[in-house]
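Subject: Structure for you to look at, with notes on its cavities

Dear colleague,

Please read the notes with the sequence at hand.

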Amino acid sequence: MSQEPRASLGRVLNDLGATLLELVHGDPGPGEPIGGVAIHDPYDEPSLPPHALVLGVGLREPEEITALLRTLGRHGAAGLVLRAPVPAGDEVRAAAHDAGVAVLALTRGASWAQLAALLRSMLSQGDVGDAGPETLGGMPSGDLFALANAVAALVDAPVTIEDPDSRVLAFSGRQEEADKSRVETILGRQVPERYARMLSRTGVTRDLHRSEQPVFVTPPPDAGDFSVPRVAVAVRAGDEFLGSIWAAVRKPLTPDRSRAFSDAANLVALHMLRLRAGADVERRLRTELVGTALEGGAGARDSLARLGLADRPLVVLAVGVTDPSDGGAADTSGLAAQRQRMSDALAMHLSAVHAGSAVALLGDVTYGLLPVTAADGERQAERAATGFLDRIGERACLVAGVSPVASSVVELPTARASADRALRVLRGHPGTRRVARLTDVHTEAMLLELRDAVAARGDTPSGPVARLLAYDAEHNARLVETLSAWLDAFGDVVAAAAVLHVHPNTFRYRLRRLAELGAIDLADPDARFGAMLQLRVFAPLA
């Protein structure tokens, strides 16, 4: 079991090595804790946390790799991960040595997104408000990777720890001793669907949920790559099924090892409960820190310091559903859970593509604080938001407002207000665009605020517009619609008539009638502006 710092590069290699990562150049050593994970963007100046682990997605050419290694050396990065096989030769090795940056290879078939998620789960433990190390059963609290290695030593077999949906939470070393189905499970961080159906069909899933004892699983004749038997035990907290532990064994466990396996499940349950409780506490703390920073005031600077964002240019991202009331009053808890899931998804996405970001759900809006370079900060945040919404796809109708760059803590409340104003416009116009800065929708934002003002005062239409509205209501006419179409067409009668599907002569007659009945001089630019403004402000309210 590793005794290195929990977030060191050496620890990452110990837990993910052989199956996912291989050290190619450099010395991992105990070293400093890894400060975060970042994905290399060839078109952007890197904004890296201290001692970052960088994922070199798409890098193949030795020239590109050596240039990036020099850049990462200047930024104090810990390591660079490349897709295997890493280009051979002395050029990359020398660049890694000179930069002091380790080079790691990601095994073929593994997903970059899955690697980023695994690294995030390993490195995020206790990253906000950590009160110091805590142990359960002699191991760091919540450290499922160390626990998997300990259980593997007890049963002398490679182990995975899985959640109730058969997603892999952690795994031990020695996975090469298992079969191809185990490797596929780890690379996908999920038991493949065909194996899950097989376990359900053969009654293994039912037995696992019912039994207090380990369940031995013999591969069926048609199991394909599932060739090594398994022994599994349920992880429970009272009546709640938290997950399971799976060991790849060649034969049934001895009675002593079977008892040790069952006892290990109780310890795993404690760690899983601690992880869940810790995640809730950390989420609440992060929410409080982000909220305090966005509000400004005396505690804002300290909050940013605790988030690791002090004295850095920031952009505020405001993400929400297009209709905040969607789901109805009867499903308030479900809607709240959906918002929290989307907030967690944004936090994981930004941890991989925009290192150092802080995310929190405040009310019905998820806010992200993104450290950026001042020159191109808004575009950086736009790209991050667009990438997230593209990944979510149609699963949720989300939109995102992007603020200007806040160069200091005193500018953060104004930046948040800008992001909120952009978000409000996007929510009111679903389907038009998904990401916007305030400068993109400034006019629409001002109209919304003007509608708020007139609604708060109880204002109603006046002058020509009021007279035309009254006439239309009494005579079932369409004079207001005619005026609006004419104004929108800049006085082009033919174009306006086409919009209303009437003959131009009919339209001209209506135009003369509305000018007489409304007592409006259509040649007066102030009169036209006043009518257009009232139509824009009052028509949606009506």
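This is a predicted model: local features need pLDDT of at least 70, side-chain atom pairs count only at pLDDT 80 or more; totals for chains, interfaces and linings use all residues.

The structure contains three cavities of 30 Å³ or more, and the largest cavity holds about 160 Å³ of space. Its lining is made up of Thr 160, Glu 162, Ser 181, Arg 182, Thr 185, Val 191, Tyr 195, Leu 199, Phe 226, Arg 230 and Trp 246. Strand 8 (159-162), helix 6 (180-188) and helix 7 (193-201) each contribute at least two residues to the lining of the largest cavity, and helix 6 gives the most, with three residues. Sorted by class, the lining of the largest cavity comprises five nonpolar, three polar and three charged residues.

The second largest cavity has a volume of about 80 Å³. The residues that line the second largest cavity are Val 319, Gly 320, Val 321, Gln 338, Arg 339, Met 342, Ser 343, Leu 361, Asp 364, Thr 366 and Leu 398. Two or more residues of this lining come from each of strand 13 (314-321) and helix 11 (332-353), with helix 11 providing the largest share, four residues. By class, the lining of the second largest cavity has five nonpolar, four polar and two charged residues.

Next comes helix 5 and what follows it. Helix 5 covers residues 144-155, twelve residues in number, and spans 16 Å from its first C-alpha to its last, which is close to the 16 Å expected at 1.5 Å a residue. Which residues of helix 5 are buried? They are Leu 144, Phe 145, Ala 146, Leu 147, Ala 148, Val 151, Ala 152 and Val 155. After helix 5 comes Asp 156, whose phi is positive, near 55 degrees.

The lining of the second largest pocket divides into eight nonpolar residues, one polar residue and six charged residues.

With best wishes

Terms used: Residues are numbered from 1 along each chain as its sequence is written. Side-chain values use heavy atoms; hydrogens and water are left out. On a 1 Å grid over the protein atoms alone, a cavity is a set of points where a 1.4 Å probe fits but cannot get out, and a pocket is an open set with protein on both sides within 12 Å along at least five of seven lines; lining residues have an atom within 4 Å of a point. Grid points are joined across faces, edges and corners, and a volume is the space filled by probe spheres set on the points. Ala, Val, Leu, Ile, Met, Phe, Trp, Tyr, Cys and Pro count as nonpolar, Asp, Glu, Lys and Arg as charged, and the others, Gly among them, as polar. The expected span of a helix is 1.5 Å times one less than its number of residues. Buried means under 20% relative accessible area, exposed over 50%, partly exposed in between (1.4 Å probe, protein chains only).
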